[in-house]
Amino acid sequence: MRKIRNINQTVWELIIGIVLVNALLEVIGLIFVSQKGAYTIGLVLGMLMAIGMVFHMNISIEKAMDIGGEHAKGYMLKSYAIRTVVVLAVIVCVGILKFANLLSLLLGIMTLKVAAYLQPITHRFMESRKAGNKRMADENLSSENKE
C-alpha cells in the first residue's frame, strides 16, 4: 500500500473540493434546517463516503492499469459494484435507523460529483499556490545569497 504523501495530486484536489462544498452546504444547512444535529451527521457521513470513494476509485484505476486488458475491465466493474453496494447499504442503514438526515447524506455523497466538476479550478488554484511558494522561496534564497 502506498503512503499517504505519495497519493495522486488529483485525489487531493478532489478531496479539497469535497470538503469545501460540504463546508458550504453545512453553513447553508445550519441556517435553514431545523434538525441541525441530524443534518450535520448526514452531511459528514456523506462527505466521508465521498472521500472514501475517491480513494477507492484511485486505487482501483491504478490496479486496473497494472492488470491491463479484459481483466482490467472486469476488475473495474467489480470495484464499481463494491462502491455501489456500500453506498446503498449506508443509505438503507440511515433510512432504517434514522440517526442522520437522509437528504444531507445524499448531498454529502453527491459532493464528489461537484468536486469533480470543480477539479480544474481547484487544480489551477493549487498550481498557482505552488508557483507562488516557489517564487517566494527563490526570492528568499536570492536575497540570502546577496548578503
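Q: What volume does the largest pocket have, and how do I read that number?
A: The largest pocket comes out at about 490 Å³. The general idea: on a 1 Å grid over the protein atoms alone, a pocket is an open set of points where a 1.4 Å probe fits, with protein on both sides within 12 Å along at least five of seven lines. Points are joined across faces, edges and corners, and the volume is the space filled by probe spheres set on them. Keep in mind that this is a predicted model, where local features need pLDDT of at least 70 and side-chain atom pairs count only at pLDDT 80 or more, while totals for chains, interfaces and linings use all residues. Side-chain values use heavy atoms, with hydrogens and water left out, and residues are numbered from 1 along each chain as its sequence is written.

Q: Which residues lie nearest the centre of the largest pocket?
A: Look for Met 53, Met 57, Arg 83, Leu 112 and Lys 113, out of 21 lining residues (a lining residue has an atom within 4 Å of a point). Two or more lining residues come from each of α1 (9-32), α2 (36-67), α3 (69-97) and α4. By type, the lining has 15 nonpolar, 4 polar and 2 charged residues. Here Ala, Val, Leu, Ile, Met, Phe, Trp, Tyr, Cys and Pro count as nonpolar, Asp, Glu, Lys and Arg as charged, and the others, Gly among them, as polar.

Q: How many helices and strands are in the chain?
A: These are DSSP runs, numbered from the N terminus: helices are H or I with at least four residues, strands are E with at least two. The chain has 4 helices and 0 strands, so going from the N terminus you read α-α-α-α.

Q: Is Ser 60 buried or exposed?
A: The rule is under 20% relative accessible area for buried, over 50% for exposed, and partly exposed in between (1.4 Å probe, protein chains only). Ser 60, in helix α2, is buried at 1%. Leaving aside residues up to four places away in sequence, Ser 60 touches Tyr 75, Met 76, Ser 79 and Arg 83 (contact means heavy atoms within 4.5 Å). Over the whole chain, buried residues are 29% of the 147.

Q: Which residues does Gln 119 touch, beyond those up to four places away in sequence?
A: Those are Thr 10, Glu 13 and Leu 14. Gln 119 belongs to helix α4 and is buried, at 17%. Ala 116 is in helix α4 too, but it is partly exposed at 44%. Between the C-alpha atoms of Ala 116 and Thr 10 there are 9.5 Å, although they are 106 residues apart along the chain. For the chain as a whole, among contacts with a separation of 6 or more, 72% join residues 24 or more positions apart.

Q: How many salt bridges does a search of the whole structure find?
A: You want a side-chain nitrogen of Lys or Arg within 4 Å of a carboxyl oxygen of Asp or Glu. The search turns up 1: Lys 130 with Glu 127, whose closest N and O atoms are 3.7 Å apart. Both are in helix α4 (residues 102-146), and because they are 3 residues apart, about one helical turn separates them. Lys 130 is partly exposed at 46%, and Glu 127 is partly exposed at 31%.
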